Amino acid sequence: MKKTVQPAAPRGDARRIQVRRSGVHGKGVFALQAIAAGTRLIEYKGELIDWPEALRRHPHDPAQPNHTFYFHVDDGHVIDANVGGNASRWINHACDPNCEAQQLADGRVFIDALRDIEAGEELFYDYGLVIDERYTAKLKKEYACHCGSPNCRGTMLAPKRR
């Protein structure tokens, strides 16, 4: 099934999203007006760096070492939205998201609406974090999810593929 993506609003249109305090975690991104399913909302912007540089920069905040603005692009690269990033870095994780990240062939990443989103609703996508080490209760707690969805898996870590 081919997915139709509506383009982002042209510059000069009313703003559709806004960063503000989230009840889920820190800051979040909220719809200022109704958004149709399939709408391309924002590009995940930041500096494209290689993984050795990402590891050198880690953690962004030593008080919260597992909180970063990294977006994994491929085995060699990551987008660091802490440098040159935009509002997309504040979109929180949810296990039952209303948005999804779409990576284009050129490595650019966009956030698209999965379903119709009402004005005032917070935007979420499933981070799908994967860590090589074994998922222990301690590790899952370090990456705890607070989305409150009935389908919440309790962690931002994606289930390991078998």
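1. The lining of the largest pocket divides into 23 nonpolar, 15 polar and 10 charged residues, where Ala, Val, Leu, Ile, Met, Phe, Trp, Tyr, Cys and Pro are counted as nonpolar, Asp, Glu, Lys and Arg as charged, and the others, Gly among them, as polar. The model is a predicted one, in which local features need pLDDT of at least 70 and side-chain atom pairs count only at pLDDT 80 or more, while totals for chains, interfaces and linings use all residues. Residues are numbered from 1 along each chain as its sequence is written, and side-chain values use heavy atoms, with hydrogens and water left out.

2. The lining comprises 48 residues, with Thr68, Tyr70, Tyr127, Leu129 and Tyr143 lying nearest the centre of the largest pocket. Two or more lining residues come from each of α1 (51-57), β5 (70-74), β7 (92-93), β8 (99-103) and α2 (137-142), and β8 gives the most, with five residues. Helices (H or I, at least four residues) and strands (E, at least two) are DSSP runs, numbered from the N terminus.

3. The space in the largest pocket is about 1600 Å³, a volume being the space filled by probe spheres set on grid points that are joined across faces, edges and corners. A pocket is here an open set of points, on a 1 Å grid over the protein atoms alone, where a 1.4 Å probe fits and protein lies on both sides within 12 Å along at least five of seven lines; lining residues have an atom within 4 Å of a point.

4. An open sheet is formed by three strands in the order β4-β6-β5, with antiparallel pairing; two strands pair if DSSP finds at least two bridges between them. Because β4 (47-50) and β5 stand at the edges, each with a single partner strand, one side of each is left without a neighbour in the sheet.

5. In the pairing of β4 with β6 (residues 77-80), four bridges join the antiparallel strands, and Leu48 stands opposite Ile79 of β6. β5 and β6 likewise pair in the antiparallel sense over four bridges and form a hairpin with two residues between them, with Asp74 opposite His77 in β6.

6. Glu47, which lies in strand β4, counts as partly exposed because its relative accessibility is 31%, between the limits of under 20% for buried and over 50% for exposed (1.4 Å probe, protein chains only). The C-alpha atoms of Glu47 and Gly85 are separated by 7.4 Å, although these residues are 38 residues apart along the chain.
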